[in-house]
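Hello,

Here is the structure I promised to pass on. Please open it next to this email, and read on for what turned up.

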Amino acid sequence: MRHLIDPMDLSVQEIDDLLALAEDIIANHDKYTKVCEGKKLATLFFEPSTRTRLSFEAAMMELGGNVLGFSSADSSSSTKGESVADTVKVVSCYADIIAMRHPKEGAPYLASLKSDAPIINAGDGGHNHPTQTLTDLLTIKREKGHLGDITIGFCGDLKFGRTVHSLIKALSRYDNIQYIMISPEELEIPEYIKEEVFEKKNIAYEQVRTIDEVIDRLDVLYMTRVQRERFFNEADYIRLKDTYILDMPKLKNAKPDLSILHPLPRVNEIAVEVDDDPRACYFRQALNGKYVRMALIMTMLGLTGQ
Ligand code: CP
């Protein structure tokens with residue numbers, strides 16, 4: 001039995017196979033509508049979610065399976081003091097596969113040590129979000145046609161943004177990617193990403209403070225929200241939250257084929273006027289999340305299409 005806790009749990013070949021399967025599901029949806037008949041997915045969300053939880057549930061339903069679970073810690077027995085380990089031990093008696101989100105880094109890993117069913121990390125604190133990474137990789141592949149040979153800018157909260165950390169790790173295995181980190185000093189990528197990914201693999205990266213100085217060079221711009229829930233101090237959040245607002249004037253010097261990604265939810269960091277620009281990929285990205293999670297559920301359960 002395998003779990004998915006960190007994007008690096010998957011080899012490049014396994015990622016390529018998952019993306020290929022997701023693209024086949026998109027092209028031949030009818031082939032997959034009964035693949036998970038008789039199977040159950042449990043979604044254990046100890047932290048709020050719209051896209052990840054609902055796309056997992058939609059994915060399982062579209063595969064012909066069933067779903068159970070909870071959408072907040074408040075509606076589970078964790079409020080009575082039950083441990084994560086006991087929760088998953090019990091839920092793995094009821095479900096074939098479990099997607100779990102938790103505010104504490106490492107909680108899905110701990111769960112995987114006790115679970116009798118495969119655990120998928122659906123986001124753990126500021127650490128990892130591997131299924132968002134699969135979503136992002138599928139989106140980049142579909143928008144650009146390839147995963148290497150791009151200049152990508154990560155913008156916003158690079159310190160707490162687990163989607164950024166996971167995507168950098170996954171992309172570090174593809175060739176010829178230029179990384180530009182756009183953030184205020186307080187929200188720079190953590191030292192462990194700099195040391196364990198960039199420095200260990202001899203990958204060059206730039207750190208800049210404004211979108212304007214690099215927008216003309218980018219093939220992909222990965223915008224992120226400043227995450228209020230990860231700040232210890234409300235005053236710091238208020239000071240930093242609107243540092244970057246991508247609007248149409250900011251895109252004046254952007255490439256005509258720029259791809260703008262955002263894991264969502266957004267707050268103010270992308271003006272609504274950008275949504276109508278063909279370079280805005282973030283709603284297509286959210287849809288890709290459902291297909292790649294269908295591919296992941298099938299693969300982790302060892303199932304194939306008819
Ligand atoms: N992208 C993402 O993880 O969104 P949710 O928090 O809504 O699941």
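The expected span of a helix is 1.5 Å times one less than its number of residues. Keep that in mind for the helix below. Note also that this is a predicted model.

**Helix α9**

Helix α9 covers residues 282-300, 19 residues in total. From first C-alpha to last it reaches 26 Å, close to the 27 Å expected. Is α9 mostly covered or mostly open? Mostly covered: 14 of its 19 residues are buried. After α9 comes Gly302, with a positive phi near 70 degrees.

**The largest pocket**

Its volume is about 400 Å³. The lining counts 21 residues, and the closest to the pocket centre are Arg101, Arg162, Arg225, Leu264 and Pro265. Two helices, α2 (51-62) and α6 (162-171), each supply at least two lining residues. What classes of residue make up this lining? There are 10 polar, 7 charged and 4 nonpolar residues.

**The second largest pocket**

This one has a volume of about 200 Å³. Here α9 comes back: α9 and α1 (12-27) each supply at least two residues of the lining. Among the lining residues are Leu296, Thr299 and Met300. Others include Arg2, His3, Leu4, Glu14 and Asp17. By class, the lining of the second largest pocket has 5 nonpolar, 4 charged and 2 polar residues.

Best wishes

Key
Residues numbered from 1 in each chain as written. Predicted model: local features only at pLDDT ≥ 70, side-chain atom pairs only at ≥ 80, totals over all residues. Heavy atoms only, no water. Helix = DSSP H or I, 4+ residues; strand = E, 2+ residues; numbered from the N terminus. Buried < 20%, exposed > 50% of the residue type's maximum accessible area, 1.4 Å probe, protein only. 1 Å grid on protein atoms, 1.4 Å probe; cavity = no way out; pocket = protein on both sides within 12 Å on 5 of 7 lines; lining within 4 Å. Points joined across faces, edges and corners; volume = space filled by probe spheres on them. Nonpolar A, V, L, I, M, F, W, Y, C, P; charged D, E, K, R; others polar.
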